[in-house]
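I opened a new model today and kept notes as I went. Each entry records something I looked up.

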Amino acid sequence: MTAQVTFRQADAGDLGLLVGLFDGAARWMLRGGIDQWKPGDKGVEHFRTRIAAGEVWLASDPGRGGGEVGRVVGAYELWWEDEQAWGPRPPVAGYVHRLMTDRESAPAGTGRALLAHAEERIGLRGRAVARLDCLSSNPRLRTYYEAAGYTAVGEEPGKLAADGTRYGVTLLEKSVSVR
């Protein structure tokens, strides 16, 4: 089932919202024993840079009963290159980053709706491949992406973190319809 959410591109007025969404997702990961994101790792400047450099999209639930109409329930970043994980590549793909949902209010299927929206945006840009990466030590997330049609195509054992440490990621991709 895919959630019925609406999308809009984020702007500078959404910086605090994006930080809160990221921190909430990071706390949920930690509670679940997933060592991937940490609260505070992505602040206002990160999201300001991403909004200026490309596309950051917000998903809103247009009508959850009893709650705030139009409440933001998820977001993702869409990049047009990702040399750090994928190396230099021809411009045939879009790269999905920071796929995140509000675990308390997002309707079931919001993550898949976010992926589908990203895949559509990539196809509209004339690119035929959606790419993403996840921690090599997170088999649960890899399984989630594979169930969404992504295929593991490699590993990058030394992706550089913002703090200067290195970590391994699994590289996944999916063909999308070019429009």
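I began with Arg71, which counts as partly exposed because its relative accessibility is 34%. I note here that this is a predicted model.

**Entry 1: Arg71 and its partner**

I looked for what Arg71 pairs with. Its side chain meets that of Asp102 in a salt bridge, at 2.8 Å from N to O. I then checked where the two sit. Arg71 is in strand 3, while Asp102 is in the loop between strand 4 and helix 4, and the pair links parts of the chain 31 residues apart. Asp102 is buried, with a relative accessible area of 15%.

**Entry 2: other salt bridges**

How many salt bridges does a search of the whole structure find? I got eleven.

I looked up Glu173 and Arg131. Their side chains meet in a salt bridge at 2.8 Å, N to O. Glu173 lies in strand 7 (residues 166–175) and Arg131 in strand 5, so this pair ties together parts 42 residues apart in sequence. Glu173 counts as partly exposed at 23% relative accessibility. Arg131 is buried, with a relative accessible area of 6%. I also found a network: Arg50, Glu77 and Arg98 are joined by salt bridges that share partners.

Next I took a pair within one helix. Arg48 forms a salt bridge with Glu45, and their closest N and O atoms are 3.1 Å apart. Arg48 and Glu45 are three residues apart in helix 2, which means about one helical turn separates them. An α-helix has 3.6 residues a turn, so residues three or four places apart point the same way. Arg48 is partly exposed, with a relative accessible area of 39%.

**Entry 3: an arginine without a salt bridge**

Is Arg127 buried or exposed? I found that Arg127 is buried, yet has no salt bridge. The nearest side chain of opposite charge is Glu81, 7.1 Å away. Arg127 sits in the loop between helix 4 (110–124) and strand 5 (129–135). I checked what its side chain does reach: the backbone oxygen of Trp80, at 2.8 Å. The residues that Arg127 touches include Pro91, Val92, Ile122 and Val176.

**Entry 4: the cores**

I turned to the nonpolar residues. The largest nonpolar core has 22 residues. Among those with the most contacts inside it are Tyr76, Leu115, Ile122 and Tyr150. Strand 2 (55–61), strand 3 (71–79), strand 4 (93–101), helix 4 and strand 5 each supply at least two residues of this core. Helix 4 gives the largest share, five residues. I followed Leu115 and listed some of what it touches, including Val96, Leu132, Tyr144 and Ala148. There is also a second, separate core of 18 residues, which includes Leu18, Phe22, Met29 and Ile51.

**Entry 5: helix 1**

I compared the length of helix 1 (residues 15–31) with expectation. At 1.5 Å a residue, its 17 residues should span 24 Å, and the end C-alpha atoms are 24 Å apart, which agrees. Its buried residues include Leu15, Val19, Asp23 and Ala26. What covers the buried residues of helix 1 includes helix 2 (44–53) and strands 2, 3 and 4. Gly33 follows the helix, with a positive phi near 80°.

**Entry 6: Ser60**

My last stop was Ser60, in strand 2. Ser60 counts as buried because its relative accessibility is 9%, and the cut-off is under 20%. Among the residues Ser60 touches are Val5, Thr6, Gly70 and Arg71.

Methods. Residues are numbered from 1 along each chain as its sequence is written. This is a predicted model: local features need pLDDT of at least 70, side-chain atom pairs count only at pLDDT 80 or more; totals for chains, interfaces and linings use all residues. Side-chain values use heavy atoms; hydrogens and water are left out. Helices (H or I, at least four residues) and strands (E, at least two) are DSSP runs, numbered from the N terminus. Buried means under 20% relative accessible area, exposed over 50%, partly exposed in between (1.4 Å probe, protein chains only). Lys and Arg count as positive and Asp and Glu as negative; His and the chain ends are not counted. A salt bridge is a side-chain nitrogen of Lys or Arg within 4 Å of a carboxyl oxygen of Asp or Glu. A polar contact is a pair of N or O atoms within 3.5 Å; within protein, one must be able to donate a hydrogen and the other to accept it, and residues adjacent in sequence count only if both atoms are side-chain atoms. Contact means heavy atoms within 4.5 Å. A nonpolar core is a set of buried Ala, Val, Leu, Ile, Met, Phe, Trp, Tyr and Cys residues joined through side-chain atoms within 4.5 Å. The expected span of a helix is 1.5 Å times one less than its number of residues.
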